[in-house]
Amino acid sequence: MTPIEILFPLIFLVLTGYICGKTGFIATSQLEGLRRFIFYIAIPVFLFLNMYQADLDKVASSLLLIAFYTPVVLCYLLVFGLKWLIHRHAKAEAAMWGLSGTYSNTVLVGLPVIIAALGTEAGSLVFMIITFHSALLFALSFILSSNSKGSFFSVLKPLFINPIVLSITLGLLFNALSVALPELFISGLEWLAKPAIAGALFVLGVSLVQYSLIQAWKSALLLSITKLVMLPLMVFGFATWFGLSDTHTAVLTLMAASPLGVNAYLVARQQQCAQATLAASVVMSTLLSPLSMSAWLYVLI
């Protein structure tokens with residue numbers, strides 16, 4: 001299967017959503033309801049089921065986590081440090097830049113590409129790795145952008161109620177404890193999970209109408225290059241250095257090469273900092289990702 005064959009259905013769904021939003025076929029009021037269903041029900045259920053049904057003996061590996069998160073944290077700190085050195089009074093903005101250069105849209109873009117290219121077992125590997133993804137990067141961002149007026153719990157409170165973090169953690173916990181859920185209940189959850197990926201890509205396309213590239217396109221381009229080129233290069237280098245298998249190296253690199261996730265913009269909006277830059281980076285990295293991911297697929301597969 002060629003990269004074009006893998007990416008076309010994803011691009012098609014995003015483009016369909018964008019056209020529906022641009023023409024007004026999907027109104028803003030309708031989008032909010034659809035977005036809440038996808039991001040607060042369908043995707044969390046999808047992630048929970050995959051973690052609950054995953055074979056932990058096959059996918060759990062501390063070496064994989066080290067090979068992925070070491071370059072991610074290094075890249076975050078590098079972007080944060082450079083931005084802070086240039087603008088000494090913009091620590092919060094520097095934290096948002098660090099998040100923009102490292103937070104991957106793994107669930108909506110990376111996961112479908114990895115499953116299409118490498119199979120469902122690789123998808124289970126993805127879920128194990130991203131268990132700490134939002135938790136780590138959001139925690140870093142909340143701490144570094146905080147004005148230190150609130151308690152430690154209040155700074156990290158948004159992390160504890162993140163539906164992606166909760167669903168993955170709960171699925172992992174139920175799996176590890178061998179909690180047996182009724183088959184009828186599992187069947188119902190599977191129906192709820194079916195529209196997760198397709199619906200999320202469609203909602204992403206509609207959401208792109210709300211963002212603009214004009215305000216901060218230079219910063220967005222720089223951060224998109226960091227996200228789509230520099231970070232996956234660092235991850236690929238660490239995976240190769242650690243001697244990981246071709247499949248594991250491909251999974252880690254494609255995860256890192258995914259565009260910036262929309263949740264990063266939501267963090268910026270919550271922190272009231274660098275919102276235009278993060279929104280523009282979401283759009284630009286998403287638009288450029290078919291080119292970058294096609295290149296990585298040719299290199300890796």
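The model is predicted: local features need pLDDT of at least 70, side-chain atom pairs count only at pLDDT 80 or more, and totals for chains, interfaces and linings use all residues. Residues are numbered from 1 along each chain as its sequence is written, and side-chain values use heavy atoms, with hydrogens and water left out.

Start with helix α7, residues 120-130. Helices here are DSSP runs of H or I, at least four residues, numbered from the N terminus. In α7, 9 of the 11 residues are buried, so the helix is largely enclosed by the rest of the structure. Buried means under 20% relative accessible area, exposed over 50%, partly exposed in between, with a 1.4 Å probe and protein chains only. Among the buried ones are Phe127, Met128 and Ile129.

Now the surface. Trp217, Leu221, Ile225, Val229, Leu233, Leu288 and Leu291 make a nonpolar patch of about 630 Å². Nonpolar side chains are joined within 5 Å. Areas are Shrake-Rupley, 1.4 Å probe. Helix α13 gives the most, with 5 residues. Leu221 lies in α13 and is partly exposed, at 31%.

Last, helix α16, which holds Ser285. Is Ser285 buried or exposed? Buried, at 1% relative accessibility. A polar atom of its side chain lies 2.7 Å from the backbone oxygen of Ser281. Ser285 also touches Ser224, Leu228, Pro259 and Leu260 (heavy atoms within 4.5 Å), not counting residues up to four places away in sequence.

Key. Helices (H or I, at least four residues) and strands (E, at least two) are DSSP runs, numbered from the N terminus. Patches are made of residues with over 30% relative accessible area and no salt bridge: like charges are joined within 9 Å, nonpolar side chains (Val, Leu, Ile, Met, Phe, Trp, Tyr) within 5 Å. A salt bridge is a side-chain nitrogen of Lys or Arg within 4 Å of a carboxyl oxygen of Asp or Glu. A polar contact is a pair of N or O atoms within 3.5 Å; within protein, one must be able to donate a hydrogen and the other to accept it, and residues adjacent in sequence count only if both atoms are side-chain atoms.
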